[in-house]
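Subject: The structure we talked about

Hi,

Here is the structure I promised to pass on.

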Amino acid sequence: MADTEPTSTTPPISPDGAESAPPTAGAGAPLSPVVWVALVVACLALAASAMVWQKLSRAQQELARQSADVGQQVQAARALSTQTETLTQELQARLGVAELRLSEVSLQRSQLEELMLSVSRSRDDSLVQDLESAMQLATQQAQLTGSVQPLISALQAADARIGRASQPRLNPVQRAIARDIERIKAAALVDIPALTARFDELTRQVAEVPLANAPAAKSTPKPVAKPKVAAEPAANQGQWQGWVDAGWATGKKWWSDLLAGASQLVRVSRLDRPEAALVAPDQAYFFRENLKLTLLNARMALLSRQMETSRSDTLLVSGLVQRYCDNTAPATQQLLEALTRLQSDMRDLVLPRPDESLAALAAAASGR
């Protein structure tokens, strides 16, 4: 309801200062507008209260119905959870039985595999041991001979024996043997027989190398051209002209012979290495023999697979030849070039080993 404003109770004052009395309403006078407004507001409030009460009643009914539905759903969910729990327990029991049977089957399978391995292991072990011993022997033969042919032959024979055995356990060994064969064939090795033949050729060339103090070879004198004699002398040529020509030819021949003899007696050359000129002629034989012995030592070191010793001996021979021999001679130059090529061709001999095949055989022998 709306609040009404308070009315003043003070009586009005007349102009002459006397208070006038308030007018009084009669019994049959009409109601004021404020009263009518209050009545209307009261009716509206009553109607609104009735509507609110009706809505609350409907809401309570709806809540009651929803509560009943929720209760039914809860009961159904409880029943479903109980059923699910029962099924879960049954499934767990079945799973436990299945795991037990699986463990039994796995145990039986492992026992069967062990039995099969024990039956076939005796034959496979003997085959593996034979192959391993054959490869070890082939490796020793390759190291002694300096050739990989015994090792390749042993690997090929082992591959053939494994192929005839038809054992799945030896398949890794067969693959390892194939890889070792390819690796050994692709390896670059030193040709020992060819190098030995080259040492023999160098020993032969040492005897042909001239020393630095060797006397120069006698040059063949050029034939003196005979004076041409006219078939028919001129009429004005006298007998004395023939004597002069004959004397001139004889003197010229005598002078050329004198110069040739003097060139053999005196020789002028440059000595960059004085020790080469001090070698006595009777020591030339021993010098050549010393070179041959050094080359023989290098050859023996090569056959013994001592590449460093062989290279050092070859280098020593090259230094002696450059120091005491005539470096301008073609034979000396050929010998020095052959020694240089031989030193470059001699490298460390590292024979490949069938390590992968031996490792595979060891793994097969241990049963892994």
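T139 sits in helix α1, which covers residues 33-145. The model is a predicted one, so please read everything below with that in mind. With a relative accessible area of 5%, T139 is buried, because anything under 20% counts as such. Which residues does T139 touch, once those up to four places away in sequence are set aside? They are L151, R353 and P354.

Now the chain as a whole. It has ten helices and zero strands, so the pattern along the sequence reads α-α-α-α-α-α-α-α-α-α. Of its 368 residues, 20% count as buried. If you take the contacts between residues at least 6 apart in sequence, 79% of them join residues at least 24 apart.

Helix α3 (residues 171-186) packs with helix α10 (residues 355-366) at an angle of about 170 degrees, and their axes are 8 Å apart. Angles over 145 degrees count as roughly antiparallel, so that is what α3 is to α10. On the α3 side, the contact is made by P172, V173, A176, I177, R179, D180 and R183. The α10 side brings in D355, E356, S357, A360, L361 and A364. Sorted by class, this contact of α3 with α10 has seven nonpolar residues, five charged ones and one polar one.

Next, helix α8, which runs over residues 307-324. How far apart are the end C-alpha atoms of α8? They are 26 Å apart, which agrees with the 26 Å that its 18 residues should span at 1.5 Å a residue. The buried residues of α8 are M307, S310, R311, D313, T314, V317, S318, L320, V321 and Y324. As a reminder for reading that list, an α-helix has 3.6 residues a turn, so residues three or four places apart point the same way.

The C-alpha atoms of R299 and S310 are separated by 6.8 Å, and the two residues are eleven apart along the chain. Is R299 buried, exposed or partly exposed? At 22% relative accessibility, R299 counts as partly exposed. Leaving aside neighbours within four places in sequence, R299 is in contact with T196, F199 and D200.

D326 is partly exposed, at a relative accessible area of 28%. Its C-alpha atom is 7.7 Å from that of V209, although D326 and V209 are 117 residues apart along the chain. Not counting residues up to four places away in sequence, D326 touches P210, L211, A212 and T332.

Last, the cysteines. How many disulfides are there, taking sulfur atoms within 2.5 Å as the rule? The count comes to zero. As for accessibility, C43 is exposed, with a relative accessible area of 54%, whereas C325 counts as buried at 2%.

That's everything from me for now.

Cheers

Terms used: Residues are numbered from 1 along each chain as its sequence is written. This is a predicted model: local features need pLDDT of at least 70, side-chain atom pairs count only at pLDDT 80 or more; totals for chains, interfaces and linings use all residues. Side-chain values use heavy atoms; hydrogens and water are left out. Axes are lines fitted to C-alpha atoms, for helices over the stretch in contact, and angles run from 0 to 180 degrees between N-to-C directions. Helices (H or I, at least four residues) and strands (E, at least two) are DSSP runs, numbered from the N terminus. Angles under 35 degrees count as roughly parallel, over 145 as roughly antiparallel, 65 to 115 as roughly perpendicular and the rest as oblique. Contact means heavy atoms within 4.5 Å. Ala, Val, Leu, Ile, Met, Phe, Trp, Tyr, Cys and Pro count as nonpolar, Asp, Glu, Lys and Arg as charged, and the others, Gly among them, as polar. A disulfide is a pair of cysteine sulfur atoms within 2.5 Å. Buried means under 20% relative accessible area, exposed over 50%, partly exposed in between (1.4 Å probe, protein chains only). The expected span of a helix is 1.5 Å times one less than its number of residues.
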